[in-house]
Amino acid sequence: MKPMMSTPPRTDIAQTNTEPMIQLRDLEKCYKTKAGFTYVLRQINLDINAGEFITIMGPSGAGKSTLLSILGMYDHTWEGEFLFLDHPVRRLGAKERALLNKHYVGFVFQQFHLLDDLTVAENLDIPLSYRDIRKSEREALVADVLDRFNIVGKKDLYPSQLSGGQQQLVAVARAIIAKPKLLLADEPTGNLHTDQGREIMELFKKLNQEGTTIIQVTHSETNATYGQRIVRLKDGWMEK
Amino acid sequence: MNPFNKIWHGLRSLRQAKTVKQEIDEELRFHIENRAAENLAAGMSPEEAAREARRRFGNLQSVREECRESRGASFGEATAQDVRFAHRQLLKNPGFTTVAVLTLALGIGANTAMFSLVNALLFKPIHAQQPGHLAGVYQQEKADSGNFRFFSYPNYADLRASKETFEDLLAFWPGNVAMREGDLTRPVAATFVSANYFSVLGVAPLHGRGFLPEEETSTMPVAVISYPLWQRLGADPAMIGKTLVLNNTTFTLVGIMPRGFTGTGSLTSPGLFLPLGMMDPLAVRPGGVVANTLADRSAENLSLVGRFSPGVSLANSTAPLQVLSERLAAAYPKENRGYQLVAAPIARLGFSNSPERGLGDTLFTAALTLAMSAMLLLIACLNLANMLLARGSARRKEFAVRMAVGASRRRVLRQLLTEGFLLALLSGAAGVLLAVWATHALAVFAGPGFSQKEFLTFNSTPDVRVLAVSLGFCALATIFFALGPAWRLARLNVNADLKMQGAEDARSKPAGLFAMRHLLVIGQVALSLALLVAGGMFVRSVGRAVQANPGFAFGSNFYAELQAGAAGYDEPRVRELYRGATEQIAALPGVESDSLAWSMPFGDADYAAGVQRAGSSPLVDGKPFATVAEGKDMVANNNVIGTDYFRTLGVPLLRGREFTRTEVESTNAPRVAIVSQSLADELWPGEDALGRRLQFTRARADAPDTSMEVIGVVPELKQDLMGKASHPFLYQPYGQAYQPSMLLQVRVSPGADSKSLMRQAGEALRRLDPLLPVAALKTLRASHENSVTVALLRMGARIFGTFGLVALFLAVIGIYGVRAYSVARRTREIGIRMALGASSRDVLRLILREGLLLTAMGLGLGLMLAVAIGKLANGFLYDIAVIDPFAFTMAPALLALSALLACWLPARRASKVDPIVALRSE
C-alpha cells in the first residue's frame, strides 16, 4: 500500500503496477432516514485492472450511479476499503481525493453537462484550466482533441447549436482531454438515438484500445457488449 | 375614453361588478351566435357552425378582458384585484418584503428627514393665522436696488396708520438681555415688538395677554415669554403677574406664548418679547447711550411685517406701496426721499433689512443636502430593482401562465407596478417614522451647538407638505425600482417560459459583465462611494476644525463673558468693574496673566471697520484714491483690548509694545493702536509701521479726528474657521473705545488646574458684584469646539456620515444579494466545473473575481462622482482639499473590504457545492 501523497505520480500504471487499478473491499453506502438506515450499496468487492472496459448494469435504484460516483471519488461517505492505484481513498483528505480525481479520472455524464455560455473549444479547455497547464500547451491540446474527434468546424459553436450526439461527443472529448487513466461514463448514450449512441460506444472502444480504463453504467445490453465484463447490481448487492 | 370617464366606469364596475360582467358576456354571446347563424346559413352543421364561430372569435377570456378594458369597466375591479394580489404576494414572502421595506425605508426616510429640515428652514409657514396674507415690508433705495434699510419708528407709525395696503403692520427689533435666574444671570434673546405684534400674526398667548397699545412706546416694564423659556422656568401657569429681572430692571410677566410660536422667524425662537418702548433703556449698544430712538425719524432699526388688506396681495402690492412711498417722501423728504417700499416674503432666516439676504447659500446647502439624500434613495431603488429582477426570474412561469390564459402585457405590467407601489407605500410609512425619529435626534444633537440665547424650536412632526413629498418619493421610487423589472417580465416569451420545469430560470445564460443586474450593482457601488467620501470629508473637516490652529495655543486658558452694560450700569461703573475684575482674577494663584477683549479669535462675533492712512481726506479732487498706500480706505477687523492681551494669548509682538495701563484705563490718553503685519503692509508697503498714524475712514471732511499712532505690530491671527487665513487687524486700547460687554481672557500657568481656577474666577466675579452678568465662563477650547461653525460642521458630519454608512450598508446588501443569487442559479455550472477538476479555491476565486470586478468598476465611477461632490461641498468644509487623501483612500478601502466580505460569503457557499448533488438536482 502506498503512503499518503501530496502529488499523485503521473506514471504509466500499466507499466509500474501489477496490482489492480481499483480494489473495492466490503464497500457499503447507506443513507440515514427517519425509518433507519437505507443501504444503497452492500458489501461490494471488486477488482478492476488497468486497461479494462467494465460495464455496470442493473435496474433503476440498484446503486450503479452511486458506485460510479464513489469510483470517481466525488462521494466519500461510504464504509469499507477502496484502493485506487494503491492509494487508500478512505484515508485521504478531500484535497488529496480531488487531486487523485483531477489526475486520473475523466467523467462523461448522461446529460452531457456542457457549459451553455462557453463555446466548444472553451468547454474543452475547462478541465485543462484547472490543471496548471500553460495556455499555449492548453491551446495545442484543445486543437489536437478537436482534430482527433473531428469537430474542428464546431469549435466556435455553443452547445445549444449542436445536436445531442455532437454534444455528447464534445463531452467525451472534454472527459479525455486531460488524458485520464480512468474514464467513467454514466449512461453516456441515454439521451442519444441509436446511431449517435453507436458512434459514442465505438469511440469508447477505441479509447480503451489505446489504454484508457473505462467503466460505464448502462441499461443497454448492446452497449454492454463493448465492454469486457459486466458487473450486475441489484438492490445494492453485486450479483455473483 | 377620457381618464375621468375611465375612473367613473371603474368605480361603477367595483360597485356593480356582476351587472357589468353580465352585460359583456351577453354582448360576446350575441356576436358568436350571429356568426354561428351565418355559418349555419352557409351550409355548415350546427356543431360545426358553433365551433367555427368560436374559433374565429379567438380566446374568449382574452377578448372579454379587452372589452372590459375598453369600457373602463375592469379598471377599478382590476386595480382592487391587483392590490389584493400584491398584498398576498408581500405576505407570502415575508423575508423578501422585510428586506425590501427596510432597504427602501432607509432611502425614503433619509429624504423625508432632509426635506423636513429644508421644509422647516425654507417652506413651512410660520406659526401664524393665514401666513399667506403676511409679507415683509422693506425700504429699498431707488438709485441702488441692492441697497435696503430698516425703518424708523415714526415712519412705521405713519405706515401703520394707513390701512389701504396693510390691514395692520407690526414692527420688531431683536436684541439680547441679561436675565437673572436664581444666582445666575444669563443672556436671553429678546425681541422688542410693537403692541400689535401678536394680533397681526394672529396668535393669542397661551396664558395671560399680549401688549396693550399704551405699553408700546412707554417704558412700562412688562414682558411676554416664549413657550420654551416658560418650560425652562418651570412651566407654571401661575407665573403670570410674577416678576423677571432683565438687565437689572424688574419686569412683570403678562403673557406666555403657545408652543411652536417663533415670532416672524423660523427654527429658532427668542425667549422674551418686550415692548418697543423698552428697547432704548435695555438694549445693549456700543457707547451705552440711552437714546430715544423711537422719536427719531432717522433712527432706522425696525423690521416690518404687514397683513395685507382685503384684495391686496404680494402680486398686486407694488402700486399701492408706490403710493405709500410717495406720500411718505412728500411728508418727510429729508429722511425718505430716494427710497421706495417693497413687499416680499418674510425673511425667514434671522433679522434682515432686505428680502433676499442669506437665502442663496441656504438654498445651495438645501439643494446639496437633498441631492445627497436623493442619491441614497437611488441606491435603495437600485438595490430593490435588483431584488425584483432576481424575483422576476423566479416568477417567469407564473406570468407566462397568466398571459397564456388571457392577461395582456399591460395588465401584467400594471399588476407588477401595483406590487411595487404597495411596497413603496409600506416603506414610505416606515420611512416617515424613521425621519421623525432622525430629525428629532438631529434637533437634540444640534440644540446645544447653536446660540445659547435662543431656543431651537424645530418641530419634527411631519406636516401635509412633508407627507405629500414622501408620497411623491414613494411614487418616484416605484418608477425607479419596479418599472424596469416589471417591463422585462411583461415581455417574456410565453411559450419558452411555460416549458420551464422549475421555477428558477436555471438554464439561461449567466449574466454578462454589462447585464442589467451588474450595471445596477456598479451604480450602487459608485453612488455609495460618493456618499461615503462626502461623509468622510465632513468627519475629517470636523476633526481639523476642532484641532484648528488660530495662531496661538488654546492650552487650558479660559475666558469670562462679562455683560456689565446689561446690568444697567453706566460707563464709569462698567470701566471700574472691569478694572477690578482684571485685577482680582490676575491675583488668583495659577493665573499667569489676564486681559480684556471685545472679541476673541474663533469666537461667535467679530467686528470690522474702515481704516486709512491718517490725514487722508475723503476724496482727492472728488475722485477716490487709487491705492491704500495713497489714502484709499480698506476694511480691517477691529478689536478693543486691555493690557497684556498678546501675552495672555501667548503671541509675541513682532515690533513695538503692548498697551500700557494708562492707555487702557484712561479715556484721555493719546490715541494709539497696534496693527497686524498685513495691515501694516497694506497701509505702508515696504516701510516700518511703528510711529505711523492711521484713522477710521473719514466719510465727511468735518468728521472728528480719529487718528492714532501705531505702537506695535503683531503677527496674523486666524479669526474664524471658514474665513481667510488671516485678516488685516486693528487693535485699540479699551480706554479710547468703550464697550459695555467684554471678554476677560485668562492665561493659566503651566501645571495649574484650570477647572479649579475657573471656579475661583466665578466666585471672585460674584464677590466683586453679585449682579454682574457673566454670560459664559469656559475654556477657549470648549468655546471653539461648541461654536456655531463647528456645530454646523458637526451636524453636516452627522448627516453625511450617516448617509455614507447607510449607503455602504445598502451597497453591501446589494452586492451580497446579486452574488448570492448568481451562485444559486449557477449551482449546476459550479457542479460541472468541480466535476471537471476545479478545486474549492478555484470556485471561490471565480465568484470573488466577478464580484470584485463589479466593485472595482463601481469604485472607479464613484471616485469620479466623489470628486464632483468634493468640489461642491468644498465651500462648506474647513481645511479640506477637493481630493482629501484620507477620505479618498479610506472610503474606497472600506467599501472594497465590505464588498469583499459581501462577495466572500456567497463565494464560500459556492465552493462548498457538492458536484454530485448539484448535477443530480438537474
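This is a predicted model: local features need pLDDT of at least 70, side-chain atom pairs count only at pLDDT 80 or more; totals for chains, interfaces and linings use all residues.
A:H113 lies in the loop between β6 (105–108) and α4 (120–129) of chain A. Helices and strands here are DSSP runs, numbered from the N terminus, where a helix (H or I) has at least four residues and a strand (E) at least two. Residues are numbered from 1 along each chain as its sequence is written, chains are lettered from A and ligands numbered from 1 in the order in which they are written, and side-chain values use heavy atoms, with hydrogens and water left out.

A:H113 has a relative accessibility of 2% and therefore counts as buried; the term means under 20% relative accessible area, with exposed meaning over 50% and partly exposed in between, for a 1.4 Å probe and protein chains only. Although A:H113 is not a glycine, its phi is positive, at about 55 degrees. Most residues other than glycine have a negative phi. A second residue of this kind is B:Q130, again not a glycine, with a positive phi of about 40 degrees. B:Q130 is found in the loop between α6 (94–123) and β1 (134–141) of chain B.

Let me turn to the interface. The size of an interface is often given as the accessible area lost when the parts come together. Chain A and chain B bury about 1700 Å² between them, and 58% of that is on carbon and sulfur atoms; buried area is the accessible area (1.4 Å probe) that two parts lose on being put together, summed over both. On the chain A side, A:Y74, A:H113 and A:Y130 lose the most area to chain B, together 36% of what that side buries. The contact (heavy atoms within 4.5 Å) takes 17 residues from chain A and 18 residues from chain B.

Next, some strands of chain A. Strand β1 (residues 22–33) is joined to strand β2 (residues 36–48) by 9 bridges, and the two run antiparallel. For strands to count as paired, DSSP must find at least two bridges between them. A hairpin connects β1(A) to β2(A) through 2 residues, and A:K32 stands opposite A:F37 in β2(A). β1(A) also pairs with strand β4 (residues 79–84) of chain A, in the antiparallel sense over 5 bridges. There, A:R25 stands opposite A:E81.

I now move to chain B. Chain B holds 29 helices and 24 strands, and buried residues make up 52% of its 922 residues. Among contacts in chain B with a separation of 6 or more, 81% are between residues 24 or more positions apart.

How many residues of strand β22 (residues 729–733) of chain B are buried? The count is 5 of the 5, so β22(B) is largely enclosed by the rest of the structure. In a regular strand the side chains alternate between the two faces of the sheet. Both faces of β22(B) are covered, with B:F729, B:Y731 and B:P733 buried on one side and B:L730 and B:Q732 buried on the other. Strand β17 (residues 634–641) of chain B pairs with β22(B) in the parallel sense over 5 bridges, and B:I641 has B:P733 as its bridge partner. Strand β19 (residues 672–676) of chain B runs antiparallel to β22(B), joined by 2 bridges, and B:I674 stands opposite B:Y731.

Finally, the aromatic rings. Rings of Phe, Tyr and Trp (its six-membered ring) pair if their centres lie within 6.5 Å; planes under 30 degrees apart count as stacked, over 60 as edge-to-face and the rest as tilted. By this rule the count comes to 26 aromatic pairs over all chains. One of them is the edge-to-face pair of B:F800 and B:F803, at 5.8 Å centre to centre with 85 degrees between the planes. Because B:F800 and B:F803 are 3 residues apart in helix α25 (residues 788–825) of chain B, about one helical turn separates them. Both are buried. Elsewhere, ring pairs link B:F172, B:Y197, B:F198, B:F211, B:F261 and B:F273 into a cluster.

Rings can also have a charge over them, that is, NZ of Lys or CZ of Arg within 6 Å of the ring centre and within 35 degrees of the ring normal. B:R297 lies over the face of B:Y332 at 3.2 Å from the ring centre, and B:R575 over that of B:Y734 at 4.8 Å.
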